[in-house]
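Please read the report below beside the sequence and the coordinates.

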Amino acid sequence: MSWAAHEFENYFIQRHVGLKVSFLGIVTGTQLPDLFTKGFVYAADNPAQFHRGWPGVGPTHSLMFGFVFAVLILAVTRSRSWSIGVLLGSWAHTITDMGDTAGTMIFFPFSLEPVSISMWKHSASEGAYGDAAAYYSSLGGVGDVFWLVVVLIFARRALAPSYFREVVVPADPKVWGWLHRRLRIGEPGLLFLYWGFMFYGFGRVIAWIIYARSPSTDASLDLRWGGPSWVEGNDISDAGFGEVLLRTGIGGVLFALFLFGCWKLFINKLWLRGVDPPQVERGRGLSAVFSHEHG
Amino acid sequence: MFETSEREFDLRRQYWWVAGSLVVYVILGVWLKSIVLNWIVGPLWLFVTAYWLPKAFSMLRSFVFDR
């Protein structure tokens, strides 16, 4: 699993969607796959199988999971910006978690095959603290730092107070306005709430690295592909590369057909009755999601 | 949405609050891992320590000294 990468991704996505997507929707999406399940993962007999497999709660780490939530949000709230935010955030989480040895069943239920690049070990079997020590002794921790650097280089502007005021708030005026008026939180307070996930990600990276490198953990640094070697593999599939490729390919095609069918059947109608914040001008295709007006 | 007076807060002062809050967060995080480094406390930490607590302290001070 990835740790702080899921916090940093929020700002990277936000920078590329601008006014068209709610930041709070993105945050909800990136936290969604682990929200109802993470607390139980460390107590499971086989944490990797429970977390990412089927039977288990593995479907939470699939593209279908984010899609279902996004459609529900569009149907209930009519908010396009929240719906796309949840979709993008959830999909980003699912794709990022393909980095560990357990992988994710991205095309569930059309393929039950976990897809993984096995860059670092899924180490939940070590318990919460052992997982942290293993993760921040492996390329997983490097991945977190990589995402931090990516945000600071390519999405630095998304952290500016002016960006918050001119893009983030107008993209979601109802929720930020409610916090401002009803809870009487001034602009500095709202800005700190917006920065909260960046702060949390940065803080937890530093704190867990200090913990992982402390002599008390006995966790040696292992930055080889698939490390650290002192943790059991936790690979939940024994399929070969060709088999994974075939099953995932079929699953991907079926998932794409499913999305197309849903769009034709009912999502198109839901989208047309959906609403946007006043300042949003939405085009067609990908320009409906990605924004360049604040480049 | 925001009043002009709200916009023009002292950014330099805010950044010092953020840096100080981060140092305290990391120190407490290493010490009290599961209490501090979780999904609820973590994202709200900055808001509470750099906005809510100073505001509450300021209100308390004005309540005590302006009586």
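What percentage of the 67 residues of chain B count as buried?

## Basis and chain B

This is a predicted model, in which local features need pLDDT of at least 70 and side-chain atom pairs count only at pLDDT 80 or more, while totals for chains, interfaces and linings use all residues. Residues are numbered from 1 along each chain as its sequence is written, chains are lettered from A and ligands numbered from 1 in the order in which they are written, and side-chain values use heavy atoms, with hydrogens and water left out.

Of the 67 residues of chain B, 31% count as buried, where buried means under 20% relative accessible area, exposed over 50% and partly exposed in between, with a 1.4 Å probe and protein chains only. Chain B has four helices and zero strands, and its elements run α-α-α-α from the N terminus on; helices (H or I, at least four residues) and strands (E, at least two) are DSSP runs, numbered from the N terminus.

## Interface between the chains

Chain A brings 36 residues to the contact and chain B brings 29 residues, contact meaning heavy atoms within 4.5 Å. Between them the two chains bury about 3000 Å², 79% of it on carbon and sulfur atoms; buried area is the accessible area (1.4 Å probe) that two parts lose on being put together, summed over both. Of the area that chain A buries against chain B, 26% comes from A:F192, A:F199 and A:Y200, more than from any other three residues.

## Nonpolar cores

A nonpolar core is a set of buried Ala, Val, Leu, Ile, Met, Phe, Trp, Tyr and Cys residues joined through side-chain atoms within 4.5 Å. The largest has 56 residues, and those with the most contacts inside it include A:Y136, A:F192 and A:W195. Helix α11 (residues 187-213) of chain A gives the most to this core, with 15 residues. Apart from it lies another core of 24 residues, among them A:M64, A:F67, A:M98 and A:F107.

Leaving aside neighbours within four places in sequence, A:Y136 is in contact with residues including A:W3, A:V205, A:W208 and A:L221.

## The cavity

The count comes to one cavity of 30 Å³ or more, a cavity being a set of points, on a 1 Å grid over the protein atoms alone, where a 1.4 Å probe fits but cannot get out. The largest cavity has a volume of about 60 Å³, taken as the space filled by probe spheres set on the points.

Its lining, made up of residues with an atom within 4 Å of a point, includes A:W3, A:H93, A:R204 and B:W39. Helix α2 of chain A gives the most to this lining, with three residues.

Conventions. 1 Å grid on protein atoms, 1.4 Å probe; cavity = no way out; pocket = protein on both sides within 12 Å on 5 of 7 lines; lining within 4 Å.
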